[in-house]
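Subject: Structure handover

Hello,

Please find the structure below, as promised. My notes on it follow.

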Amino acid sequence: SILEGFADLTILSMHVLFRPSATPSSADRRVAFVSHPLLGQYHKTICEMTMASPVFYITRQAHDRDMALKQGLTHRILLTLDRLLEKQEEIGETYISQHIRLLAKRIQDGDPILYQWIQSNPHIDPFVQQFINQLTHFHA
């Protein structure tokens, strides 16, 4: 059977892209795997079985580094911007500030344990430093 060849397969996560508890079941789904020799061969089967688009990582650490930037730092920036914008509400909101506030609210309304776990990713700090450096030396 196909599954016998996957005895040592490591599934890192399988979830909808944004807040599983509040995202419609029709939303785009991802399943993250540590790379495995048979995954490419059975790509279509995996998509059909999981109803998800697979994302492959060479190691668990590669996944964690990727999520540190794409989730951890991104969430931290959005929440920080939201706090700054909240203090300026009396001035009125722009199109982009409204959307930043909406995204921040979705994060805040999510599972606090999940977001605490995301923020505890040990790979975030180097990205925070890179962001601060680029922000400090930003030239349009």
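**Salt bridges and burial**

Glutamate 93 has a relative accessible area of 39%, so the residue is partly exposed. Here buried means under 20% relative accessible area, exposed means over 50%, and partly exposed is in between, with a 1.4 Å probe and protein chains only. The structure is a predicted model, in which local features need pLDDT of at least 70 and side-chain atom pairs count only at pLDDT 80 or more, while totals for chains, interfaces and linings use all residues. Residues are numbered from 1 along each chain as its sequence is written, and side-chain values use heavy atoms, with hydrogens and water left out.

Glutamate 93 makes a salt bridge with arginine 101, with 3.6 Å between the closest N and O atoms. A salt bridge is a side-chain nitrogen of Lys or Arg within 4 Å of a carboxyl oxygen of Asp or Glu. Arginine 101 has a relative accessible area of 16% and is therefore buried. Four salt bridges are found in a search of the whole structure. Another of them pairs aspartate 82 with arginine 101, the closest N and O atoms being 2.4 Å apart. Because aspartate 82 lies in helix α2 and arginine 101 in helix α3, this pair ties together parts that are 19 residues apart in sequence. Helices (H or I, at least four residues) and strands (E, at least two) are DSSP runs, numbered from the N terminus.

Aspartate 82 is buried because its relative accessibility is 6%. The side chains of aspartate 82 and arginine 101 are also joined by a polar contact of 2.4 Å. A polar contact is a pair of N or O atoms within 3.5 Å; within protein, one must be able to donate a hydrogen and the other to accept it, and residues adjacent in sequence count only if both atoms are side-chain atoms. Beyond its neighbours within four places in sequence, aspartate 82 is in contact (heavy atoms within 4.5 Å) with Ile100, Arg101, Ala104 and Gln108.

A further salt bridge links the side chains of aspartate 109 and lysine 105, at 2.8 Å from N to O. Aspartate 109 is partly exposed, because its relative accessibility is 45%. Lysine 105 is likewise partly exposed, with a relative accessible area of 45%. Salt bridges with shared partners join Asp82, Glu93 and Arg101 into one network.

**Fold and cores**

The protein has five helices and three strands. From the N terminus on, its elements run β-β-α-β-α-α-α-α. Of its 140 residues, 29% count as buried. Among contacts with a separation of 6 or more, 54% are between residues 24 or more positions apart.

The largest nonpolar core has seven residues, namely Leu78, Leu79, Ile100, Ala104, Ile107, Tyr115 and Ile118. A nonpolar core is a set of buried Ala, Val, Leu, Ile, Met, Phe, Trp, Tyr and Cys residues joined through side-chain atoms within 4.5 Å. Two or more residues of this core come from each of α2, α3 and α4 (112-119). The most come from α3, which gives three residues. Leaving aside neighbours within four places in sequence, isoleucine 100 is in contact with Leu78, Leu81, Asp82 and Leu85. A second, separate core has five residues, including Ala68, Leu73, Ile124 and Val128.

Histidine 75 is in helix α2 (residues 60-86). With 9% relative accessibility, histidine 75 counts as buried. Not counting residues up to four places away in sequence, histidine 75 touches Ile107, Tyr115, Ile118 and Gln119.

Serine 97 belongs to helix α3 (residues 95-108). Its relative accessible area is 7%, so serine 97 is buried. A polar atom of the serine 97 side chain lies 2.7 Å from the backbone nitrogen of threonine 94. Between serine 97 and glutamate 86 the C-alpha to C-alpha distance is 9.7 Å, and the two are 11 residues apart in sequence.

**Surface**

Phe131, Ile132 and Leu135 form a nonpolar surface patch, with about 270 Å² of accessible area together. Patches are made of residues with over 30% relative accessible area and no salt bridge; like charges are joined within 9 Å, and nonpolar side chains (Val, Leu, Ile, Met, Phe, Trp, Tyr) within 5 Å. Accessible areas come from the Shrake-Rupley method with a 1.4 Å probe, and for residues only the protein chains shown count as cover. Phenylalanine 131 is located in helix α5 (residues 124-136).

Regards
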